[in-house]
Amino acid sequence: MIQSLEELQLLAQEKRKQEEGFTQELRVCIGSSCASLGSNELEKELAQHIQNQETTKTCKVKGVGCNGLCSSAIMVSNYDKQKHQETLYEQVTQEDIPALANAFQDSTALKEKLCDMTSAFFTKQRKIVLENAGIIDPDDIEDYIAHEGYLALFTALEELSANEIIEEIKLSGLRGRGGGGYPTGLKWETVSKVESEQKYIVCNGDEGDPGAFMDRAVMEADPHKVIEGMIIAGYACGANKGYIYVRAEYPIAVEKLNRAIKQARKYGILGTKIASTSFDFDIEIRLGGGAFVCGEATALVASIEGKRGNPRQKPPHLSDHGLWEAPTVLNNVETFANIAPIIRNGGAWYKNIGTPTSTGTKVFALTGHIKNTGLVEVPMGMTLQELIDEIGGGVPQGSKLKAIQTGGPSGGCIPKELLHTQVDYESFKAIGSIIGSGGLIVMDENSNMVEVARFFMDFCKSESCGKCVPCRVGTTELSFLLDKFVDKKATPSDFELLKSLCEVVQNSSLCGLGQTAPNPVLSTIKYFENEYLKGISND
Ligand SMILES: Cc1cc2nc3c(=O)[nH]c(=O)nc-3n(C[C@H](O)[C@H](O)[C@H](O)COP(=O)(O)O)c2cc1C
Ligand code: SF4
């Protein structure tokens, strides 16, 4: 049981001392992408191999979360603790185990699988949310503590009032990373001011956007960081119960979170009288209902309550009528993962990263026609060109960039001519797209933009909960119209109908799903109208 900040710091020191016996760490990625290629088995065999060799007794094998370069799975890094030097290997297989085991003695080993860590993919990123990903063992709370884990929580409990925490989050300028970009400090302040015996903190880990896997990686690589952010939110807002609503299709994330919660309880970090204060807080996991709409705030709350995950009218907002009618803070996984670094380093530190109105960093999942598919974290304000061409390595050889789809089914398509656009909430909105939760799909010159719009409309059509007519019937009609354009059977009046129906669905749907479903159509009409006109039949 850790009962004070001092005890936490002592434990961190002790753990670091224990680890001094190991001069080398072989870090095997056990995140979803690498695990799907057998990295768990590789980690076990590598550990066995190392154990059997007398010369490798000072080398530790450890399973870590995703370091981002998913296209090169399985990733293994060799970290020299004395030189603070990391060597990264890509596309590692079982056959590479003997060479890997010798890598710390022979720097030429596995030369053909060496990954260039001086490339922009590594040097241009700024890691705050993912600071521990690929470094710590997500199954070991003490490893987290040795890397400043729970320092923010214990500092907050011993040295800051609830108001001071909220002021710090407000000062940081942090905005919700789930898509809407609502100021987090303001949300917490509203809930903190509501008088109520019972309040809740809920973490949204439903992540349903096609092509998005940012939150999955955070939950798998650093579950304690999400938990720490939630406990701090509980203390700041006067809540003593939290729920993490996780997509059921994320078994590794669920396993990591479950283990982390158990460990946090064992160490007295969750439970009653945390850090010898009168503050109690505990967390439970709820599995997602398997529908995209369950990520919508009111639907998510209904789903946790055991009801069908249908959205409802707002207001009332969750801040006064949330889970079981109690005041509730709902934040995204990445939002919570930003909290501990902000409390540790101060709101002013965070505010200095990014742009004045979009502060901090953003995690993006790069997918589609791009060389470095995977996960990246960049400071807000970076241009799309730096993100796509430099960090992402651009479109693979032989083809050229056409457009970038951001924000999933609620987002839009940005043409290559706007690659100079800054990555921030305002700049994306100005060009008819959104940052959304961070899914970023790159499309090459062979992509058909009407088909892209139809893909997202079909997605919304099948994910519509059916509660309101504009969305239920509107997305079906829009999908039918888009089929006609793809099949080159549309008429000029279909084009007018398509545009006006988009407006109706946007303006009269009940929840965000319907309200934003026309966005991919509208942005492709804006930038690629010609492709729609080609879909109009001359017969
Ligand atoms: C259809 C729909 C699906 C959504 N899915 C998610 C999701 O998977 N994860 C998420 O964090 N937010 C999702 N949101 C946004 C949430 O409603 C909510 O705004 C967010 O969780 C608030 O957290 P934040 O302020 O930290 O962004 C979705 C919204 C809509 C309309
Ligand atoms: S907009 Fe769509 S998803 Fe939302 S309540 Fe209406 S039918 Fe359901």
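So, the shell around ligand 1: β9 and α21 each put in at least two residues, and β9 has the largest share of that shell, with three. Keep in mind as I go that this is a predicted model.

In total, 18 residues surround ligand 1, and the closest ones are G178, E207, N331, N332 and T335. By class, that shell splits into four nonpolar, nine polar and five charged residues.

The side chain of K187 has an N or O atom 2.9 Å from an oxygen of ligand 1. N204 also uses a side-chain N or O atom, and that one sits 3.0 Å from a ligand 1 oxygen. With G295 we're looking at the backbone: an N or O atom there is 3.3 Å from a nitrogen of ligand 1. How much of ligand 1 does the protein bury? Of the 610 Å² that ligand 1 exposes when taken alone, 86%.

And where is it sitting? Ligand 1 takes up the largest pocket. That pocket holds about 1,700 Å³ of space. Its lining runs to 50 residues, with G178, G179, G180, G181 and K314 closest to the centre. The elements giving two or more residues to that lining are α9 (184-193), β9 (328-332), α17 (425-430) and α21 (512-516). By class, the lining has 12 nonpolar, 26 polar and 12 charged residues.

Definitions and conventions: Residues numbered from 1 in each chain as written. Chains lettered and ligands numbered in written order. Predicted model: local features only at pLDDT ≥ 70, side-chain atom pairs only at ≥ 80, totals over all residues. Heavy atoms only, no water. 1 Å grid on protein atoms, 1.4 Å probe; cavity = no way out; pocket = protein on both sides within 12 Å on 5 of 7 lines; lining within 4 Å. Points joined across faces, edges and corners; volume = space filled by probe spheres on them. Helix = DSSP H or I, 4+ residues; strand = E, 2+ residues; numbered from the N terminus. Nonpolar A, V, L, I, M, F, W, Y, C, P; charged D, E, K, R; others polar. Near = heavy atom within 4 Å. Polar contact = N/O pair within 3.5 Å; in protein donor to acceptor, adjacent residues only side chain to side chain. Areas by Shrake-Rupley, 256 points an atom, 1.4 Å probe, with all protein chains shown as cover. Sits in = over half its atoms within 2 Å of the grid points.
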